[in-house]
Amino acid sequence: MNGSAEMNAHVLLAHPERNSFNGLLADTTRSSLEGAGWGVTFADLYGMGFNPVESPEHYPSRADSERFHAQTEQRFNADEGTTPADVAEQIELVMASDLLVVHFPLWWFGMPAMLKGWIDRVFVYGTMYRSQMRYDAGICAGKKMLACVTTGASADSCSHNGRESDTRLLMWPLLFPFRYLGFDVLEPEILHGIGGVAFVEGDEDGTSGIGRYTQHWTEQIAGLATRPAISYNRDDDFDDNKRLRPDAPAHSPFISHTSNVPWTA
Ligand SMILES: Cc1cc2nc3c(=O)[nH]c(=O)nc-3n(C[C@H](O)[C@H](O)[C@H](O)COP(=O)(O)O)c2cc1C
C-alpha cells in the first residue's frame, strides 16, 4: 500500500466542530495521503448534515407500510434501486476506496451517535452484507480500515488496569462492524489526553500536545503499509452452529473458548 495513482481513500470525520483536534487530524490524513499520491474523498458528517437516524422517513417506498422493519426496508429499497441518496453516495465512496480512515472522539466509551448512525444506515442489508456476504466473504474484503480515536482521559487511565477501562479492548466491538463487512481492520490509533476539560488530570491544557500528536499521526499514515491488522477468526474456525472449533485460535476475549464474563460462574 504505497500510495499510487490508483489507490483511493475515503476519510470520515465524526466531530461536531470542524475546527477541533479531530478535524485537524482528519485534515492531516487527507494532506498526508494526497502527498503520497492517493486519491482522497472526505466526508465531514456533521458539516454535511448527515442524518444518522435510521427511520421510516428515509423510505417513501416500503415493502411493509404498516410496520417498519429496518433491514426489510433497506433490502427492499436496495433491490428497487431506491436506497436513500445520501446513503448511496457514501456506499459509492466506500466501494471506490482501498482504505477507509475514520476519525472520532471517544464519547461515553463509544463512538459518537453520528458515526454509529452512519454505520446503521450505510451498511445496508442487501447491498453491503447478507448471509452469504459477510466476514471472510464480506464485500469489503481486500480493503483496509483505520480508526483514529481521541480520548479526554490520559493513557494511564485508559490502560488495561486504568480507571476508565481498557480503551484498546473497547475498540474491539466498536470496530467489529467493519470486520463484518470484510475489511482488514488495522490496529486503531488512540490519542489520549485530548481536550483537557473533565477527563485529563494533571494535563488540563490538552492542547499542548497538538503538534506532537499530529506529527505522530503523520508518521502513522506514512507507515500504513506495515501497520498490523487486528486478528480475527476465519470463517472456517467456526462449526455448523457458528461456535469456535476447539482447535481454532482465540484472538480476543470476545470470541474465546471459555467465557470471559467474570461476574458469572
Ligand atoms: C459526550 C462526551 C462524552 C465523552 N466521553 C469520554 C469518554 O468516555 N472517555 C474519554 O476519555 N473522554 C470522553 N470525552 C472527552 C472527549 O473524548 C475529548 O474531549 C475529545 O477526544 C477531544 O478531541 P476534540 O478536541 O477533537 O474534541 C467525552 C466528551 C463528550 C463531549
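Biologist: How do the residues of the shell around the ligand divide into nonpolar, polar and charged?

Modeller: The shell divides into nine nonpolar, seven polar and one charged, where Ala, Val, Leu, Ile, Met, Phe, Trp, Tyr, Cys and Pro count as nonpolar, Asp, Glu, Lys and Arg as charged, and the others, Gly among them, as polar. This is a predicted model, in which local features need pLDDT of at least 70 and side-chain atom pairs count only at pLDDT 80 or more, while totals for chains, interfaces and linings use all residues. Residues are numbered from 1 along each chain as its sequence is written.

Biologist: And which of the 17 residues come nearest to the ligand?

Modeller: Pro-105, Thr-150, Gly-152, Ala-153 and Gly-195 come nearest, a residue being near a molecule if its C-beta atom, placed from the backbone, lies within 6 Å of it.

Biologist: Switching to H4, which residues are buried there?

Modeller: In helix H4, residues 113-122, the buried ones are Met-114, Leu-115, Trp-118, Arg-121 and Val-122. Buried means 20 or more other C-beta atoms within 10 Å of the residue's own, exposed means 12 or fewer, and partly exposed lies in between, with C-beta atoms placed from the backbone. Helices (H or I, at least four residues) and strands (E, at least two) are DSSP runs, numbered from the N terminus.

Biologist: Why do they line one face of the helix?

Modeller: Seen down the axis of H4, the buried residues fall within an arc of 130 degrees, so they line one face; the arc is taken over the directions from the helix axis to the C-beta atoms. An α-helix has 3.6 residues a turn, so residues three or four places apart point the same way.

Biologist: What do the buried residues of H4 pack against?

Modeller: They pack against helix H3 (85-95) and strand E3 (99-105), with two residues in contact if their C-beta atoms, placed from the backbone, lie within 7 Å.

Biologist: What about the loop between E3 and H4, which residue has its place there?

Modeller: Phe-109 is in that loop, and its phi is near 65 degrees, a positive value in a residue other than glycine. Phe-109 is partly exposed, with 13 other C-beta atoms within 10 Å.

Biologist: Where does Ser-165 lie?

Modeller: Ser-165 lies in the loop between strand E4 (144-150) and helix H5 (167-180), and its phi, near 80 degrees, is likewise positive in a residue other than glycine. With 14 C-beta neighbours inside 10 Å, Ser-165 counts as partly exposed.
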